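Trainee: I am new to this structure and would like a close look at a single part. Please take me through it step by step.

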Amino acid sequence: MNKIRALVVDDNMVNQTMHHRLLENLGIENQVVKNGKEAVDVHYSGKYFDLILMDMDMPIMNGIEATKTLRAMGIRCMIAGVSTRSLDQEKQEFIEAGLDDYQEKPLTKAKLVSILHKINHTT
């Protein structure tokens with residue numbers, strides 16, 4: 001299997017650290033950015049990721065806007081929404097923006113592994 005590269009998009013330092021460590025413990029190289037605009041900018045700079053862990057509520061550009069923008073740019077990698085939001089309507093809006101997967105926070109190793117299994121089946 002090729003080495004998976006991930007992008008963590010979250011404005012919360014605790015979540016950034018947790019997601020970064022979870023990925024690292026699974027041997028996944030990852031980069032952390034703190035909002036949707038930074039996620040878009042990183043892709044404009046030519047970087048490619050196999051997985052994006054996208055928070056919903058962030059300043060500057062939220063997860064819904066960022067996901068729509070990335071999809072409009074032709075980014076086809078796995079985008080997994082990770083949020084504390086549990087209202088179906090909010091989740092639905094996020095999913096319709098172009099998510100491949102949705103997990104409620106806190107992200108656990110089991111949840112992350114289930115996302116990764118989906119990547120392995122689509123590549």
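Is N15 buried or exposed?

Mentor: N15 is buried, because its relative accessible area is 14% and the cut-off for buried is under 20%. Keep in mind that this is a predicted model.

Start with where N15 sits. The residue lies in helix α1, which covers residues 13–25. Now look at what N15 touches. Leave out residues up to four places away in sequence, and its contacts are D10 and K105. Hold on to those two names. Both of them return at another residue, D55.

D55 is in contact with D10 and K105 too, leaving aside its neighbours within four places in sequence. The list for D55 also includes V9, D11, G63, V82, S83 and F94. So where is D55? It is found in strand β3, residues 51–55. D55 counts as buried, because its relative accessibility is 4% and buried means under 20%. UniProt, in an unreviewed entry, places the feature "modified residue: 4-aspartylphosphate" at D55. That annotation may be inferred rather than shown by experiment.

V82 and S83 are on its list, and strand β4 spans residues 78–83. G81 is found in that strand too. At 0% relative accessibility, G81 counts as buried. G81 touches M54, F94, L99, D101, Y102 and Q103, not counting residues up to four places away in sequence. Notice F94 there: D55 is in contact with F94 as well.

V9 is another contact of D55. Strand β1 runs over residues 5–9. Move to R5, which lies in this strand. R5 is partly exposed, with a relative accessible area of 26%. Not counting residues up to four places away, R5 touches E29, Y48, F49, D50 and L51. L51 belongs to the stretch 51–55 that forms strand β3.

Now step back to the whole chain. Read along the sequence, the protein follows the pattern β-α-β-α-β-α-β-α-β-α. The radius of gyration is 13 Å, close to the 14 Å that the globule rule gives for 123 residues, so the protein is as compact as a globular protein of that length. Its secondary structure comes to five helices and five strands. The C-alpha atoms fill a box of roughly 35 × 30 × 30 Å along the principal axes.

Of the 123 residues, 46% count as buried. Among contacts with a separation of 6 or more, residues 24 or more positions apart account for 61%. The surface comes next. The protein exposes about 6500 Å², and carbon and sulfur atoms supply 52% of it. Charges are the last item here. There are 15 positive and 17 negative side chains, and the centres of the two sets lie 5 Å apart.

One more record covers the residues above. UniProt, in an unreviewed entry, places the feature "domain: Response regulatory" at residues 5–120. The end C-alpha atoms of that span lie 13 Å apart. The span is 46% helix and 22% strand.

Methods
Residues are numbered from 1 along each chain as its sequence is written. This is a predicted model: local features need pLDDT of at least 70, side-chain atom pairs count only at pLDDT 80 or more; totals for chains, interfaces and linings use all residues. Side-chain values use heavy atoms; hydrogens and water are left out. Helices (H or I, at least four residues) and strands (E, at least two) are DSSP runs, numbered from the N terminus. The radius of gyration is taken over C-alpha atoms; the globule rule is 2.2 Å times the number of residues to the power 0.38. Buried means under 20% relative accessible area, exposed over 50%, partly exposed in between (1.4 Å probe, protein chains only). Contact means heavy atoms within 4.5 Å. Accessible areas come from the Shrake-Rupley method with a 1.4 Å probe; for residues, only the protein chains shown count as cover. Lys and Arg count as positive and Asp and Glu as negative; His and the chain ends are not counted. The place of a charge is taken as NZ of Lys, CZ of Arg, CG of Asp or CD of Glu.
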